[in-house]
Amino acid sequence: MKRMIHILHKRSNRLLAIVMILLTCFSCDLALQKDHDYHPETLDPHVDMTAWEYLNTRTDIFSSLIEALEFTGLDGYYKQNDHLYTFLAPTNTAMKTYMNNAAPGVTELEELNEAQQADLVKTLKYHIVDGEYSSYGQLPVEPIFVITLLSGKEGGLMTMLVRKNPWQADADKIIINDTGSNGNSPMRSAVSSNIIPTNGVVHVFNNYCYYLP
C-alpha cells in the first residue's frame, strides 16, 4: 500500500511539473517570428567614371601603370569617352616583373633607352583591346581572337575567353592566351575582372601579357 502511494505521489509531482511548464509557455506573450521575403541582389559592376579615373582610385596597385601610361602618352585611351575598350590593367607587381625582364637594372622610366621605350609602348598597347569584352555575354568559353592596339605583325595577336566550368580552379576568370590557343604565348588569368567604367571594361592582372609565336 505504501509503495502504491509513493508511486502515485511521484506521478502527481511529475504531472504537476508538466502543467507548470505549459502554463509558463502560454503565459509568455512571445511574438512569432515573421517570414521575410529573400530578395537576392547582384553587385553592380558599373563605376561612374572613366578607366583612367578608376585607376586613380587604386593608386596602391596601379601607380606604376599610371606612370607608364603618362610617360608613353597612352593615357588618352583610358581618359576618352568616344570608344569602348577592354583595358587589361597590370598591377604594380606585373609592371615590376615587366621592368625586371625588359630593362633589368633600370629603376626610372626616364632611364629607358630608345628601344626599351618602344618596347614599353608596344606592351602597353597590347593591354588595350578594341571593343568591350566581359563575362556578361561578350566572351565565350572557347578562346576567340581579339584585336589589340598592336597589329599582328607587331605581335598583337591575342585570345580571350571566360571560364564557366565550376570544377576548374580558375572558374569565372577572364583568361588571356589560354594554353595552346595562341602560339606559345603564356596564359594569364585575371585576378579581378568585369569592372565596367564609362569607356569599356577593366580586367586586372598580376602578370603582364605578351604574344610569343
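Helices (H or I, at least four residues) and strands (E, at least two) are DSSP runs, numbered from the N terminus, and two strands pair if DSSP finds at least two bridges between them.

Residues are numbered from 1 along each chain as its sequence is written, and side-chain values use heavy atoms, leaving out hydrogens and water.

The protein chain has an average pLDDT (the predictor's confidence in each residue, from 0 to 100) of 85, and 77% of the residues score at least 70.

| Stretch | pLDDT | Contacts (heavy atoms within 4.5 Å) beyond near neighbours in sequence |
|---|---|---|
| Residues 1–9 | below 50 | zero |
| Residues 21–41 | below 50 | zero |

Where pLDDT is low, the predicted coordinates should not be read in detail.

Strands β7 (residues 192–195) and β8 (residues 200–205) run antiparallel and are joined by two bridges. Ile-195 has Val-202 as its bridge partner in β8.

His-203 also sits in β8. This histidine is buried (under 20% relative accessible area), with a value of 0%. A polar atom of the His-203 side chain lies 3.2 Å from the backbone nitrogen of Asn-194. Leaving aside residues up to four places away in sequence, His-203 touches several residues, among them Phe-87, Tyr-133, Met-160, Ile-174 and Asn-194.

Key
Predicted model: local features only at pLDDT ≥ 70, side-chain atom pairs only at ≥ 80, totals over all residues. Buried < 20%, exposed > 50% of the residue type's maximum accessible area, 1.4 Å probe, protein only. Polar contact = N/O pair within 3.5 Å; in protein donor to acceptor, adjacent residues only side chain to side chain.
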